[in-house]
There are 2 protein chains.
Amino acid sequence: MYLEKVNGPADVKALEVSELQGLADEVRAAVIEKVSNHGGHIGPNLGMVEATVALHYVFESPKDKIVYDVSHQSYPHKVITSRKEAFLSPEHYDDVTGYTNPKESEHDFFTVGHTSTSVSLALGLAKARDLAGRKENIIAVIGDGSLSGGEALEAIDYAGEYDKNLIIMVNDNDQSIAENHGGIYKNLRELRQSNGQCEKNIFKSMGLDYRYLEAGHDIEQLVAMFESVKDIDHPVVVHVHTIKGKGLPYAEKNREPWHWGMPFNVADGSSKMNLPPEDSTLHDSLIELLDNNPQAVVLNAGTPSSMGFTQEVRAKYVPRGQFVDVGIAEENAMAMISGIAKNGGTPVFGTYAPFLQRTYDQLSHDLCLNDNPATIIVLWAGIYGMNSNTHIALCDISFFAHVPNLVYLAPTNKEEYLQMFKFATTQRKHPVAIRMPIALPETGVADTTDYSILNKAKVLAKGSDVAIIGVSNMLGLAQETAKAYEAKTGKKATVINPCYLTGLDKALLESLKKDHSLVITLEDGQVEGGYGQMVASYYGDSAMKVKNFGISKAFHTEFTTDGILADHGMTVDSLVEYMTK
Amino acid sequence: MYLEKVNGPADVKALEVSELQGLADEVRAAVIEKVSNHGGHIGPNLGMVEATVALHYVFESPKDKIVYDVSHQSYPHKVITSRKEAFLSPEHYDDVTGYTNPKESEHDFFTVGHTSTSVSLALGLAKARDLAGRKENIIAVIGDGSLSGGEALEAIDYAGEYDKNLIIMVNDNDQSIAENHGGIYKNLRELRQSNGQCEKNIFKSMGLDYRYLEAGHDIEQLVAMFESVKDIDHPVVVHVHTIKGKGLPYAEKNREPWHWGMPFNVADGSSKMNLPPEDSTLHDSLIELLDNNPQAVVLNAGTPSSMGFTQEVRAKYVPRGQFVDVGIAEENAMAMISGIAKNGGTPVFGTYAPFLQRTYDQLSHDLCLNDNPATIIVLWAGIYGMNSNTHIALCDISFFAHVPNLVYLAPTNKEEYLQMFKFATTQRKHPVAIRMPIALPETGVADTTDYSILNKAKVLAKGSDVAIIGVSNMLGLAQETAKAYEAKTGKKATVINPCYLTGLDKALLESLKKDHSLVITLEDGQVEGGYGQMVASYYGDSAMKVKNFGISKAFHTEFTTDGILADHGMTVDSLVEYMTK
């Protein structure tokens with residue numbers, strides 16, 4: 001009834017304040033409609049419905065600029081800013097991404113998907129405004145969970161000395177993906193409990209003006225609050241208490257599983273999907289380590305379920321001190337594992353590859369320069385991870401493989417993973433990272449490789465003329481290609497599993513010169529800076545020809561794995577064609 | 001009189017408290033003796049003399065573990081922990097580095113030189129201690145300037161929920177390298193002015209216990225303070241007010257120039273060196289930009305003098321809003337420039353290459369994914385920058401060149417730099433980074449190259465058979481080598497200046513196939529992940545041979561530039577030998 005007339009913020013502003021809750025109800029219904037049928041971020045978006053309506057009622061987007069942190073909470077904003085069809089019509093669901101995107105709308109200013117970025121980006125918008133002598137409002141919307149990230153803390157600190165308009169809405173739903181971690185969350189709780197009046201105040205201590213609103217779903221109060229800070233001449237924090245999952249009782253109650261989800265039945269929250277159980281190899285190996293080594297500890301940065309540390313599992317290992325969620329604070333986790341290893345512990349830090357790129361300096365300077373024996377689990381690297389350009393992880397080899405002292409391992413089956421994990425967590429010489437493959441086929445035969453012999457590759461098939469190095473997830477393709485090549489030509493190709501991504505098996509590469517003339521490398525990450533280029537460089541001034549297959553340098557997005565592989569010549573047919581041309 | 005008997009912390013503990021100032025005076029004299037003759041970090045070390053003596057009197061190093069942030073303030077610690085000869089005997093000055101180093105002493109736990117790392121590393125030591133059920137004290141010593149860094153803020157926040165012993169000494173001398181920036185420094189001032197009693201308290205707001213000591217050079221009070229927190233069962237901040245440069249009146253007064261310095265006369269602080277004036281090309285270009293473009297702004301993260309923004313220059317451009325020092329907060333600066341560019345401004349962010357590696361995620365996700373036109377000035381990349389493994393910057397090409405959308409330029413003379421800088425700061429298409437070379441020879445002829453034609457290389461000499469690609473600082477070596485090669489063989493080699501590090505001039509490379517059989521790449525950074533490997537990959541399956549010269553993958557340290565080049569085959573003689581073998 002309201003939403004059909006709302007095709008942009010101007011239509012929101014044309015409503016009476018008393019009508020805004022009606023609009024909000026319809027926006028909420030639209031969000032629920034889509035996520036229950038399509039999947040997506042549920043809790044964070046439902047908690048921002050009223051605040052989003054109020055923001056667009058008070059401010060004048062796009063002159064005033066709203067920057068959403070992570071943008072997991074931008075669905076209501078999308079519904080209001082001319083993208084409602086992507087929520088109401090199944091055939092348009094995929095017209096928009098799950099994140100803000102300037103290519104979709106003039107009301108979006110950045111393509112973002114990493115946490116803790118909004119205040120810095122908003123400060124930049126504000127700085128440019130001030131240089132130009134304009135007066136628009138700049139609003140950063142940041143969730144409580146994102147506050148623990150270094151980039152956000154640096155920016156809030158700098159905002160504390162900025163002297164012009166900047167409005168930081170802290171959307172406090174008292175929850176990160178899992179529960180929050182860090183001392184500031186004690187303070188947020190005290191602030192909520194005291195209606196913003198308690199003595200300790202992290203924001204005031206960082207030099208910021210501060211307002212609190214308990215009623216984060218009362219549109220009239222939200223409007224009044226935003227009106228009160230509109231056109232303010234200095235930075236201010238507007239701390240708003242919201243309810244994650246607001247409007248779906250089961251999501252309000254169980255906030256962690258309802259952060260993001262697959263399609264579900266709205267009536268009771270039951271899943272519409274019948275998913276096979278996830279492979280538990282990684283989780284089982286971590287648990288076995290913790291149970292057998294009391295000085296072992298698993299660290300994670302705000303995504304504990306990524307390694308199977310659900311609420312139930314955490315209830316057992318947190319009290320033992322063997323599981324640590326540092327919150328969204330990857331830098332701290334990476335440096336901590338250096339300290340833990342230095343003092344005799346056995347730390348394992350795991351999280352998604354795109355978030356590990358936040359730790360490049362800690363990886364290089366704090367950990368690898370000190371050559372301490374910590375283990376890093378790299379999840380969802382390559383094309384089989386997330387496929388949004390906000391969460392792309394095609395450069396993991398480029399940024400891990402070239403850091404001195406690091407050993408970066410690429411298991412290709414379950415038994416190999418288990419042996420590599422055992423090596424990583426029992427040796428005391430180097431930091432070791434493990435690139436978890438997307439699938440862990442079982443060979444049925446225990447891997448007894450001694451991985452302390454660094455850079456030793458495995459020859460899976462011995463042929464001649466052509467050798468194929470199948471890196472990580474591409475080993476299967478290498479093997480299938482060799483099989484098809486043999487079927488077509490009667491000739492056997494050599495197939496190599498490099499196992500190590502941080503160095504070459506030079507003895508093996510040298511030996512190939514005897515009876516091979518071509519080495520093909522296959523990797524599911526970017527060619528530039530990747531594994532294959534090290535091989536090309538090694539053979540550069542020899543007679544050996546080398547062809548590097550991999551993904552081109554770009555922020556690829558919304559791809560299918562088969563599609564992107566085909567686009568880059570990585571199918572059995574095109575590889576065999578290349579080999580036989 | 002005291003120092004001669006002090007060969008380790010046990011000898012400090014054997015003294016009476018009343019004797020400690022005597023020891024401190026001798027430690028201070030030793031530090032002054034060395035830095036005045038040898039150069040080094042002056043202000044930060046002189047401010048920590050009494051606190052260091054007190055720490056070693058109270059705690060039991062190495063069972064108790066002191067972790068120094070940046071370790072610019074660890075000279076007094078080195079004097080006390082069996083390394084006094086490196087301060088008292090000129091022939092031993094170079095026996096120790098300017099940073100903590102576990103290879104030097106069991107009292108050093110990490111090799112560090114980047115800021116904001118100590119609390120994370122100490123948390124790691126503490127965590128391992130607790131898993132092992134031990135009870136030693138873990139002490140992080142962090143300067144006020146380091147507090148603004150994201151890694152430190154993440155760690156302090158996490159410390160706020162840690163539940164075992166951790167002592168964070170905040171060494172507050174009210175100064176970073178330059179003045180501090182960020183809202184927390186207003187709070188530190190209030191805390192100092194109120195003897196730690198004011199209502200706002202950043203540390204308490206982050207969940208930490210807190211103690212304040214105004215008399216940071218009164219050893220008895222320092223001892224009493226440290227005794228009061230020794231064996232504490234939870235994290236505590238001990239905020240100590242110290243005086244940067246304590247003991248040298250001119251250093252106490254002018255804290256910024258006395259942070260670090262070359263040899264000087266102790267009597268009046270005058271320099272012992274007669275240094276030529278620094279090349280002002282970079283600074284002049286920045287000033288010209290700011291004066292001609294009111295929407296241009298230069299950003300820096302805590303090292304303003306690196307681009308010539310001395311106190312005097314800042315006094316002019318800060319009030320105009322055209323110079324921003326965000327403090328030690330590189331992540332925030334990198335994200336801010338994305339926002340500034342997005343909103344129409346012309347931002348230039350410059351700092352030292354080793355510190356830019358802290359911004360990998362902001363570079364990739366916040367800036368390059370959004371493809372906003374900001375300029376990044378990369379200082380001291382390659383072997384001509386700092387040569388300590390704590391400040392190594394041999395991987396700048398590896399971590400910059402492979403990020404999609406970025407244009408990374410390598411000027412090789414003054415005119416080229418000026419034209420590249422003009423291109424970077426006037427185009428509106430891409431983020432552009434400029435790798436400032438160590439020397440800027442003048443050609444005398446204005447460069448009129450259109451750098452919007454991306455990846456177009458320059459052929460400086462056209463020969464045949466062999467082409468040498470001289471990357472960045474190595475272009476001169478490429479030219480000299482070609483000259484020597486011609487002198488020896490009568491044959492001309494082709495010499496190429498690639499100009500762009502983020503992509504290849506494929507048309508040129510393709511054309512070389514006609515009359516060249518070998519391409520040599522020279523770079524003063526790491527081979528793995530570097531520029532040359534892209535060339536090797538390009539030619540991989542052609543008849544062209546490629547040889548990549550560059551630096552091997554390791555944390556090289558304390559090298560001479562000539563020495564490390566020779567070690568890696570990059571001398572005229574060895575290159576000509578390779579070309580003629």
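Reply: Taken over C-alpha atoms, the centres of domain 2 and domain 3 of chain A lie 27 Å apart. The contact between them takes 21 residues from domain 2 of chain A and 25 residues from domain 3 of chain A. Two residues are in contact if their C-beta atoms, placed from the backbone, lie within 7 Å. On the side of domain 2 of chain A that touches domain 3, the elements giving two or more residues are helix H18 (396-400) and strand E12 (407-409) of chain A. By class, that side of domain 2 has 13 nonpolar, six polar and two charged residues. Ala, Val, Leu, Ile, Met, Phe, Trp, Tyr, Cys and Pro count as nonpolar, Asp, Glu, Lys and Arg as charged, and the others, Gly among them, as polar.

A note on the basis. This is a predicted model: local features need pLDDT of at least 70, side-chain atom pairs count only at pLDDT 80 or more, and totals for chains, interfaces and linings use all residues. Residues are numbered from 1 along each chain as its sequence is written, while chains are lettered from A and ligands numbered from 1 in the order in which they are written.

Now the domain layout. Chain A is divided into domain 1 (3-254), domain 2 (281-435) and domain 3 (458-580). These bounds come from an automatic or database domain assignment. Helices (H or I, at least four residues) and strands (E, at least two) are DSSP runs, numbered from the N terminus.

Next, helix H20 (residues 475-489) of chain A. Its 15 residues should span 21 Å at 1.5 Å a residue, and its end C-alpha atoms are 21 Å apart, which agrees. The expected span is 1.5 Å times one less than the number of residues. In H20(A), A:Leu475, A:Leu477, A:Ala478, A:Thr481, A:Ala482 and A:Tyr485 are buried. They cover an arc of only 150° around the axis, so they sit on the same side of H20(A). The arc is that of the directions from the helix axis to the C-beta atoms. A residue is buried if 20 or more other C-beta atoms, placed from the backbone, lie within 10 Å of its own, exposed if 12 or fewer, and partly exposed in between. An α-helix has 3.6 residues a turn, so residues three or four places apart point the same way. What do the buried residues of H20(A) pack against? The partners are strands E14 (458-461), E15 (465-470), E16 (494-497) and E17 (516-526), plus helix H24 (572-580), of chain A. Just after H20(A), A:Gly490 takes a positive phi of about 80°.

Then the two chains. In chain A, 97 residues are in contact with 97 residues of chain B. Helix H7 (residues 118-132) of chain A gives the largest share of chain A's side, 12 residues. By class, that side has 37 nonpolar, 39 polar and 21 charged residues.

Last, some backbone details. Most residues other than glycine have a negative phi, and most peptide bonds are trans. A cis peptide bond joins A:Ser61 and A:Pro62, with omega about 10°. A:Pro62 is in the loop between helix H4 (49-58) and strand E2 (65-68) of chain A. From B:Ser61 to B:Pro62 the peptide bond is cis, with omega near 10°. B:Ser116 is not a glycine, yet has a positive phi of about 70°. Its loop runs between helix H6 (85-88) and helix H7 (118-132) of chain B. B:Ser116 is buried, with 32 other C-beta atoms within 10 Å. B:Asp371 is not a glycine either, and has a positive phi of about 50°. It is found in the loop between helix H17 (360-368) and strand E11 (375-379) of chain B. B:Asp371 is partly exposed, with 18 other C-beta atoms within 10 Å.
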